[in-house]
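Hello! Here is the structure I promised to pass on to you. Please open it first, and then read my notes alongside it.

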Amino acid sequence: MSSLPRRLSQLTNATLPDGSQVDVALDGPVVSGVFPAGRLGERSDGTSLDLANFLLLTAPAEPHAHFDKALSWDLIDPPMGNLDLAIESWRDYSAVMTVESIADRARHAALLLLRQGTTAVRTHVDLLVGDDPMRGVRALVRVRDELSELMDIELVALASPFVPSEQVVEALELGVDLVGGAPHLSEDPIADLRRLIGIAERHGVGADIHTDESLTGASTLGEYARLVRDWTAPASAGHCVRLGTLEPTELAAVISEVLASDLGIISLPITNLYLQGWQHPVSTPRGLTALRALLDAGVRVGAGADNVRDPFNPVGRSDALETASLLVSAGHLTLDEAYAAVSSGARSVMSLPIAGVQVGAVAELLAVRGSTLSDVIANASADRFVIHAGRLVAQSTVTYDVAAPLSSLNPSTPSLAETR
């Protein structure tokens, strides 16, 4: 039986990304004080956590998951390939899924994210073909309720262009939070985009739309931004791959529309690096959105893992540090920018309250064994403490036993440096 969750009142001897060492006081779900390390005394009530040799970070948030699809790769054994092949494989398999089977995979996927440090997730859920299109919705509502004390989960109804509007409304009535879809797959992308935004407006909810998920074709992001210009509800766009292929003048015009509407942009490197570019065997494009231009312009940008081990992406570790690493290597972001995208940036596009090591912020925190941000992103140590709403909800400890080099076993043996 797990001893978690465990209430915490203080964190001691933690290292922050700027190198400072601090003690952190918690008042329930909120950070109430940040002091130089050693200021807070020891406690005997089990509510203190010593974080010596750990880097303390704002907990990651996952702004774009697919829990209903997660961990289905081995069950489906789909062909590897582009977005069209992935959609076809998933559609065929989804016809035989049950509420229970979806819930089992979704629960597993959620807990994998939690174990690695993610404490808030926005997951899309397909409105399925067949006689019971709400199977996925009911499964994910169940999992959200089961895990409500451990992590924040938000649901988006993913309506393909062929899903009737009445089914989107039914999903909202069953407890889904936002309207979503993939208008770029429609024969008339703008018309489908307007349909989805209209549903969200009439029901007073936000929207998170799969947007322009291809290297070529029409760009709908500017129209999306104009449609939500006067919204107070949250609005965000995922993927936005086409944005990364626009010429500078056209790109600047679209970004101007995005800024005017404060539309959040969600980059999904691992899935888009996998799905995009199959038709370009030479000088294969990276398939990412225009990260540098967006950040430099002041657009709110978050990043997530998207699909994990399903027809849309056969790999993935459910770890925000993997996403951050890809943002550095494939997206050319700095280490600070990359981690911000999977933590504070992701929380911003999800309209979540500010979290982190600052007074008044919510205590959504991740401690990873390591000394610097580069160390943590590069090595992604599995030694972690995960804090949600001021409570310890996950912890991992790993031990290593590696054979010693010969020079350390036999002092008389010259070292490699001495023999060069």
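Let's start with isoleucine 190, which is partly exposed, with a relative accessible area of 25%. Here, buried means under 20% relative accessible area, exposed means over 50%, and partly exposed is in between (1.4 Å probe, protein chains only). Isoleucine 190 sits in helix H6, residues 189-203. Leaving out residues up to four places away in sequence, isoleucine 190 touches Thr220 and Glu223, where contact means heavy atoms within 4.5 Å. Between isoleucine 190 and glycine 33 there are 49 Å in space, C-alpha to C-alpha, and the two are 157 residues apart in sequence.

Before you go further, please note that this is a predicted model, in which local features need pLDDT of at least 70 and side-chain atom pairs count only at pLDDT 80 or more, while totals for chains, interfaces and linings use all residues. Residues are numbered from 1 along each chain as its sequence is written, and side-chain values use heavy atoms, with hydrogens and water left out. The helices (H or I, at least four residues) and strands (E, at least two) are DSSP runs, numbered from the N terminus.

Next, look at helix H8, residues 248-261. Its 14 residues reach 20 Å from first C-alpha to last, close to the 20 Å expected at 1.5 Å a residue (1.5 Å times one less than the number of residues). Which residues of H8 are buried? They are Leu251, Val254, Ile255, Val258 and Ser261. Seen down the axis of H8, these buried residues fall within an arc of 125°, so they line one face of the helix; the arc is that of the directions from the helix axis to the C-beta atoms. They pack against helix H7 (221-227), strand E13 (264-267) and helix H10 (291-297). After H8 comes aspartate 262, with a positive phi near 50°.

Now find serine 94 in helix H2, residues 83-94. Is serine 94 buried or exposed? Serine 94 counts as buried, because its relative accessibility is 2%. A polar atom of its side chain lies 2.9 Å from the backbone oxygen of arginine 91. Not counting residues up to four places away in sequence, serine 94 touches Leu128, Val129 and Arg135.

Enjoy exploring the model, and do write back with your questions!

Definitions and conventions. A polar contact is a pair of N or O atoms within 3.5 Å; within protein, one must be able to donate a hydrogen and the other to accept it, and residues adjacent in sequence count only if both atoms are side-chain atoms.
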